Amino acid sequence: MRDRTDRPGAPPPAAPPPDDGTAERPGHQAVGETAWTRVLTLIEQADEVALACHVSPDGDALGSMLAVGAVLRSLGKKVVASFGDRRFSVPRLLRFLPGQDLLVPPAAFPAEPELMITFDSSTLDRLGLLSVNAGKAREVVVIDHHPSNTGFGTVSLIDPDVAATAVLAEQLIYRLGGTLDRDVATCLYAGLVTDTGSFRHSSTTPAAHEMAARLVATGLRTDEIARELWDRSPFGYLKVLAAALDRVTLEDGLVWTSVTHLDRASYGLPYEEVEAIIDVIRRTDEAEVAVVLKEDDLGAWQVSTRSKGAVDVAAICTALGGGGHRSAAGFTSHDSVETTMNRIRALLPRKV
Ligand code: AMP
Ligand code: MN
Ligand code: MN
């Protein structure tokens, strides 16, 4: 561990909980020094570190994991990294992230890791197939920023007040004495811009911008990263988006649509390509809440919900078996679109 005064531009230590009552909030547990020290000791003692992030990884999950993985490897640790999807494949828009040679499919992940570290996963379930491995691991360090995190590990580095898991990943890298090179910074930056919605969401604090400044200073290409993440798609995406927009419905402050497996199959479009459709739907002025139901390849509905702040969609999604943040949450449904929508409607405030 290095003394934190020895590097200019280093991230400040995790801020103490604000003295405004939020520390009393259920689930709120900003990371204490004891937890950081424990994690550094566990890493130091482990021969191999097994990293996992949530299924269908986004930029924050995969970026944070790959950044920490690359640093651990550079420090001489044996590292494996994975995520527990049945069909193990890195989403197309994240294939530009450096360091993917660390990745192994879930079947090659240690069955009983001595030290497992999870990234951006709010529950054990969100680890998919790797929840079994986590259940058998000697130690599980949970690095996350979801207020709904269940604290399923043996050590928690959980701070619901940070913009992204990447913020905690940067802290860990710093505390490990790792080098923030351009590749590591690219992974962290992908996490930061994904979860702040390109610095648009309310999570965009001065600390988020300061972290961005540290990352950009490594020489990473913000233009290329933005293009990879948001500004490209196969032609079929436009057609599937058109189908989703064609059946979009506005009802009492709720705007919603669905994207079926058939829509995608007609254009050979993988599931991951439709994840961003919620960002088109949620712009609707007349709606406080936006919902997109996306049928995955196994026939389940992956439901994305967004609110503009007045409605806590995390509470709704948690009640329906999922989780997330106050204004961006999701869950999985094995029922029909009609039944799923009725469940959501029943949990919405009478007038949204
Ligand atoms: P998405 O709509 O997939 O972009 O997800 C928005 C937020 O909801 C993210 O913070 C996810 O971690 C969370 N989320 C999405 N799906 C699920 C799920 N099935 N279970 C728990 N949390 C979820
Ligand atoms: Mn995530
Ligand atoms: Mn995140």
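A: **Arg 282 and its surroundings**

In this predicted model, Arg 282 touches Arg 200, His 201, Ala 290, Arg 306 and Lys 308, leaving aside residues up to four places away in sequence. Arg 282 sits in the loop between helix H10 (277-281) and E8. Its relative accessible area is 28%, so Arg 282 counts as partly exposed. Its side chain also makes a polar contact of 2.9 Å with that of Asp 279. Lys 308 is 26 residues away from Arg 282 in sequence. In space, the two C-alpha atoms are 8.5 Å apart.

Next, the sheet. Strand E8 belongs to an open sheet of six strands, ordered E6-E7-E8-E9-E11-E10. The pairing is mixed. Strand E6 (249-251) and strand E10 (323-325) are the edge strands, and each pairs on one side only. From one strand to the next, the twist averages 20°. E10 pairs with strand E11 (residues 328-333) in the antiparallel sense, over three bridges. Gly 324 has Ala 329 in E11 as its bridge partner. Helix H12 (residues 337-347) packs on this sheet. H12 touches E6, strand E7 (254-259), strand E8 (289-295), strand E9 (301-307) and E11. The direction of H12 makes about 155° with that of E7.

Now the metal site. The manganese ion (ligand 3) is coordinated by Asp 60 (OD), Asp 120 (OD), His 145 (NE2) and Asp 195 (OD). The distances are 2.1 to 2.3 Å. In sequence, these donors of the manganese ion (ligand 3) are spaced D-x59-D-x24-H-x49-D. The manganese ion (ligand 2) is 3.9 Å from the manganese ion (ligand 3), and Asp 120 coordinates both. Asp 120 lies in the loop between strand E3 (115-119) and helix H3 (131-136), and His 145 in the loop between strand E4 (139-144) and strand E5 (155-158), so the pair ties together parts that are 25 residues apart in sequence. Both Asp 120 and His 145 are buried.

Last, a helix. Helix H4 (residues 165-176) has 12 residues. From first C-alpha to last, H4 reaches 16 Å, close to the 16 Å expected at 1.5 Å a residue. Because 12 of its 12 residues are buried, H4 is largely enclosed by the rest of the structure. The buried residues include Glu 170, Gln 171 and Arg 175, along with Leu 168, Leu 172 and Ile 173. Gly 177 follows H4, with a positive phi near 80°.

How values were computed:
Residues are numbered from 1 along each chain as its sequence is written. Chains are lettered from A and ligands numbered from 1 in the order in which they are written. This is a predicted model: local features need pLDDT of at least 70, side-chain atom pairs count only at pLDDT 80 or more; totals for chains, interfaces and linings use all residues. Side-chain values use heavy atoms; hydrogens and water are left out. Two strands pair if DSSP finds at least two bridges between them. Helices (H or I, at least four residues) and strands (E, at least two) are DSSP runs, numbered from the N terminus. Axes are lines fitted to C-alpha atoms, for helices over the stretch in contact, and angles run from 0 to 180 degrees between N-to-C directions. Contact means heavy atoms within 4.5 Å. The expected span of a helix is 1.5 Å times one less than its number of residues. Buried means under 20% relative accessible area, exposed over 50%, partly exposed in between (1.4 Å probe, protein chains only). Donors are N, O and S atoms within 2.8 Å of the metal (3.2 Å for Na, K and Ca); water is not among the atoms, so sites may look incomplete. A polar contact is a pair of N or O atoms within 3.5 Å; within protein, one must be able to donate a hydrogen and the other to accept it, and residues adjacent in sequence count only if both atoms are side-chain atoms.
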